Amino acid sequence: ILSPCATPIAADRTFWGRGYGVIVFRSPTLKKNLWWMESQFETPFVYRDGLIALRKAGWDITSAVIDGKRGVAQVFERLEIPVQYCQFHQVKTVTRYLTRKPQTEAARELRLLALQLKNMREAEFKTALSAWYERWQEFLNERSIAPHKKRGWEYTHKRLRAAHRSLKDNLCRLFTYQRYPELHIPNTTNTLDGMFS
């Protein structure tokens, strides 16, 4: 039995078969699972239930590392708990859009930049991402004729735009661990990924 204390948590869901999964809150410092629940869906409400349960039990959640599921960050931020997006999952998202061997120079540069996340400071990454966008803005805005679309056109490089948007949208939470060094926040959910496997 664990005595409640102050700890960061890593929170994520793993799947076993269709529609069956478990959401787990794990302390990376204690290397113990603090709360878990079987759940068919990964919704912010389940994360909220876990957070409420831990706080009622006396746990002081100092920060949360999550994989970027929409709406989950707000569950913690509403209670002023700093949120770190898992950098490993961010790289996986970029790779899903661009593949491991992107065909265009712009995509190769963006994937290489994403791979450097763990080695960079926040200001350095922001500057590099902004410089990449300035360099490739025209390329990103190229359009193709698409008669099947209501407006008659679509962006030519949709997947590249999506990869860039993902980095840009998540940027505010990708370096939380650097802003709060005293909280010892991990920059990935690796503690959970290893336990799940």
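**A covered strand**

Guide: Both faces of strand β2 are covered: Gly21, Ile23, Phe25 and Ser27 on one side, and Val22, Val24 and Arg26 on the other, are all buried. Buried means under 20% relative accessible area, exposed means over 50%, and partly exposed lies in between (1.4 Å probe, protein chains only). Helices (H or I, at least four residues) and strands (E, at least two) are DSSP runs, numbered from the N terminus.

The model is predicted: local features need pLDDT of at least 70, side-chain atom pairs count only at pLDDT 80 or more, and totals for chains, interfaces and linings use all residues. Residues are numbered from 1 along each chain as its sequence is written, and side-chain values use heavy atoms, with hydrogens and water left out.

Visitor: How many residues of β2 are buried?

Guide: The count is 7 of the 7 residues, so β2 is largely enclosed by the rest of the structure. Phe25, which lies in this strand, has a relative accessible area of 0%.

Visitor: What is the mean pLDDT of the protein?

Guide: pLDDT is the predictor's confidence in each residue, from 0 to 100. Here the mean is 93, and 100% of the residues reach 70 or more.

Visitor: Which strands run parallel, and which antiparallel?

Guide: Strand β1 (residues 6–15) and β2 pair in the antiparallel sense over 6 bridges, and Arg13 stands opposite Ile23 in β2. The strands β2 and β3 also run antiparallel, joined by 6 bridges; the bridge partner of Arg26 in β3 is Asn33. By contrast, β4 (residues 60–66) and β5 run parallel and are joined by 3 bridges, with Ala64 opposite Val83 in β5.

Visitor: Which residues take a positive phi in the hairpins?

Guide: In the hairpin of β1 and β2, with 5 residues between the strands, Gly17 takes a positive phi near 75°. In the hairpin of β2 and β3, with 4 residues between the strands, Lys31 takes a positive phi near 55°.

Visitor: How many aromatic pairs are there?

Guide: Rings of Phe, Tyr and Trp (its six-membered ring) pair if their centres lie within 6.5 Å; planes under 30 degrees apart count as stacked, over 60 as edge-to-face and the rest as tilted. By this rule there are 6 aromatic pairs. One of them joins Phe25 and Phe76 and is tilted, with 6.1 Å centre to centre and 45° between the planes. Phe25 lies in strand β2 (residues 21–27) and Phe76 in helix α2 (residues 72–77), so the pair ties together parts that are 51 residues apart in sequence. Phe25 and Phe76 are buried.

An edge-to-face pair is formed by Trp136 and Phe139, with 5.6 Å centre to centre and 70° between the planes. These two are 3 residues apart in helix α5 (residues 122–140), about one helical turn. Trp136 counts as buried at 13% relative accessibility, as does Phe139 at 18%.

Visitor: Which residues do ring pairs link into a cluster?

Guide: The cluster consists of Phe25, Trp35, Tyr47 and Phe76.

Visitor: Where does a charge sit over a ring?

Guide: The rule requires NZ of Lys or CZ of Arg to be within 6 Å of the ring centre and within 35 degrees of the ring normal. The charged end of Arg96 sits over the ring of Tyr97, 5.3 Å from its centre. Arg161 lies over the face of Tyr155, at 3.6 Å from the ring centre.

Visitor: How many disulfides does the structure hold?

Guide: A disulfide is a pair of cysteine sulfur atoms within 2.5 Å, and the structure holds 0 of them. For Cys172, the nearest cysteine sulfur, that of Cys86, is 15 Å away. Cys172 is partly exposed, with a relative accessible area of 45%.

Key:
Pairing = 2+ DSSP bridges.
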